[in-house]
Amino acid sequence: MTWHHYDLSNTVLRTNERLNLWKSDRGSVDIEKDTLAVAIMLNEKSEGYIFRGNGKMILDAIVETDQGAVGKPIEQQLTAPFLMVGNPEIIEPRSFSAVTGEQDFLMKAQDLFNEFFRGEHFGSGCHHHHEGFVFAFKNDSGKLDLLIPHGSKIVYKANHLVFISDEDEAILKSPEHMVVSNHGRCIVLK
Amino acid sequence: MSDDIREEMKKLKEEMASLKDQLKEVGRGERRHRHGLYVDIGGPVHDYMDDVLQSVAEGVHGELAKSIFIGPGGTRIVMRGRQPNGKSEEPIDLARAAGIMSALGHEHRLRILNELIAGGKYINELQEKLSEITTSTLSSHLNVLEEAGLVVQEKMRGRYLITMPGRTAYEMAAKITSFVKQGEQQ
């Protein structure tokens, strides 16, 4: 386990094309052209970004069982600032320095950065570094929804939903169901 | 005379002893009854046991008939919450129920559900199975089933999957049809 100290850059970029930040057969995260981005720095290198613009997150939080499918697709418009750790090299070649609107964004980005890195998720400005992505989206109740994809594995934790998936194995916990599925065999608690 | 009296006294003592023994036997019977061990079954024990087992078996069979659907995928036990008085916990939402029954009320939609029981399918795979209808009609049927919660479509891959309620609804339709057919044959 290696512990790192992250900081937020003060340079705001604006994307010049539509970008796909993550995609698998289970979900995707996309941002539209003209999305603002500020880098999350580690040892003077960008390790991720905080974005604000028009984006979309899709996740098929569905578990297939031998008794039928449980769950539903989640489709979330991303208009509030959200955070991504991982895949930093995709942004810089496809963006330019923003001229307007950056101060308000920087303040909100700093709040999100503080909440993520210094809040309950990682604490004390340190983070357990790993491969793959971490996305954090602010939900309606003011807390952070987390999406952590890594290869075929996906972990999604939202306000009332936990979805963990790895190929043919999945766990879904929602207010209606608790489902554990392993290659079609399943336990369903209602 | 004295011999007669002695003989009479001996008979009386024997009768008294016999009465005491009978009294003890009656006392033991009453004690068993008080502790619940004595049961007047009005016949041989094995007949009584047969009656009890028959009654229990009929009760269990009745409950299982209400709780199990047997479909193409095998046997499934459906656990349903019941209040002590036997009524369902929640009153049925009749408008919603009518909507779901309406979604089931088309042969093509039942065939779609039947195809999806075998596993998730893309629309072109369903189109191959229901080649007599157009793609737009098939899409319309899928929308009806999706709105009723009987089918769900993956956003990324686009596959259609039958949901748990969808499977239950299909099995219920199959069961009702089977009952009606049996009724017609009798």
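These are my notebook entries on the two protein chains of a predicted model.

**Ground rules**

I number residues from 1 along each chain as its sequence is written, letter chains from A and number ligands from 1 in the order in which they are written. As the model is predicted, local features need pLDDT of at least 70, side-chain atom pairs count only at pLDDT 80 or more, and totals for chains, interfaces and linings use all residues, while side-chain values use heavy atoms, with hydrogens and water left out.

**Entry 1: chain A overall**

I looked up the elements of chain A and found 1 helix and 18 strands. I take helices (H or I, at least four residues) and strands (E, at least two) as DSSP runs, numbered from the N terminus. Of its 190 residues, 46% count as buried. Buried means under 20% relative accessible area, exposed means over 50%, and partly exposed lies in between, with a 1.4 Å probe and protein chains only. I also looked up contacts (heavy atoms within 4.5 Å). In chain A, 56% of the contacts with a separation of 6 or more join residues 24 or more positions apart.

**Entry 2: the sheet of chain A**

I traced an open sheet of 12 strands in chain A. The order is β10-β2-β5-β6-β9-β12-β13-β14-β15-β16-β17-β18, and the pairing is antiparallel. Strands pair here if DSSP finds at least two bridges between them. Which strands stand at the edges? They are β10 (95-97) and β18 (185-189) of chain A. Each has a single partner strand, so one side of each is left without a neighbour in the sheet. From one strand to the next, the twist averages 15 degrees. Axes are lines fitted to C-alpha atoms, for helices over the stretch in contact, and angles run from 0 to 180 degrees between N-to-C directions.

Strand β17 (residues 178-182) of chain A runs antiparallel to β18(A), joined by 5 bridges. There V179(A) has V188(A) as its bridge partner.

Helix α1 (residues 102-118) of chain A packs on the sheet. I list its strand contacts as β2 (7-15), β5 (36-42), β6 (45-52), β9, β12 and β13 of chain A. Its direction makes about 130 degrees with that of β2(A).

**Entry 3: strand β12(A)**

On one pairing, strand β9 (residues 82-85) of chain A meets β12(A) in the antiparallel sense over 4 bridges. M84(A) has F135(A) as its bridge partner there. Strand β13 (residues 144-150) of chain A also pairs with β12(A), antiparallel and over 4 bridges. F137(A) stands opposite D145(A) of β13(A).

**Entry 4: residue D7(A)**

I found D7(A) in strand β2 of chain A. Its relative accessibility is 39%, so D7(A) counts as partly exposed. What does D7(A) touch beyond four places away in sequence? It touches A39(A), I40(A), M41(A), F113(A) and R118(A). I also looked up N114(A), which is 107 residues from D7(A) in sequence and 9.5 Å away in space, C-alpha to C-alpha.

**Entry 5: chain B**

I counted 7 helices and 4 strands in chain B. From the N terminus on, they run α-α-β-β-α-α-α-α-β-β-α. Of the 186 residues in chain B, 22% are buried. Among contacts with a separation of 6 or more in chain B, 45% join residues 24 or more positions apart.

I looked at helix α4 (residues 107-117) of chain B beside helix α6 (residues 135-147) of chain B. Their axes come within 10 Å and cross at roughly 75 degrees. That makes α4(B) roughly perpendicular to α6(B). Angles under 35 degrees count as roughly parallel, over 145 as roughly antiparallel, 65 to 115 as roughly perpendicular and the rest as oblique. From α4(B), H108(B), R109(B), I112(B) and L113(B) meet L138(B), H141(B), L142(B), V144(B) and L145(B) of α6(B).

I then turned to helix α7 (residues 164-185) of chain B. The axes of α4(B) and α7(B) come within 10 Å and cross at roughly 120 degrees. The two helices α4(B) and α7(B) are therefore oblique to each other. L110(B), L113(B), N114(B) and I117(B) of α4(B) make the contact with G166(B), R167(B), Y170(B) and A173(B) of α7(B).
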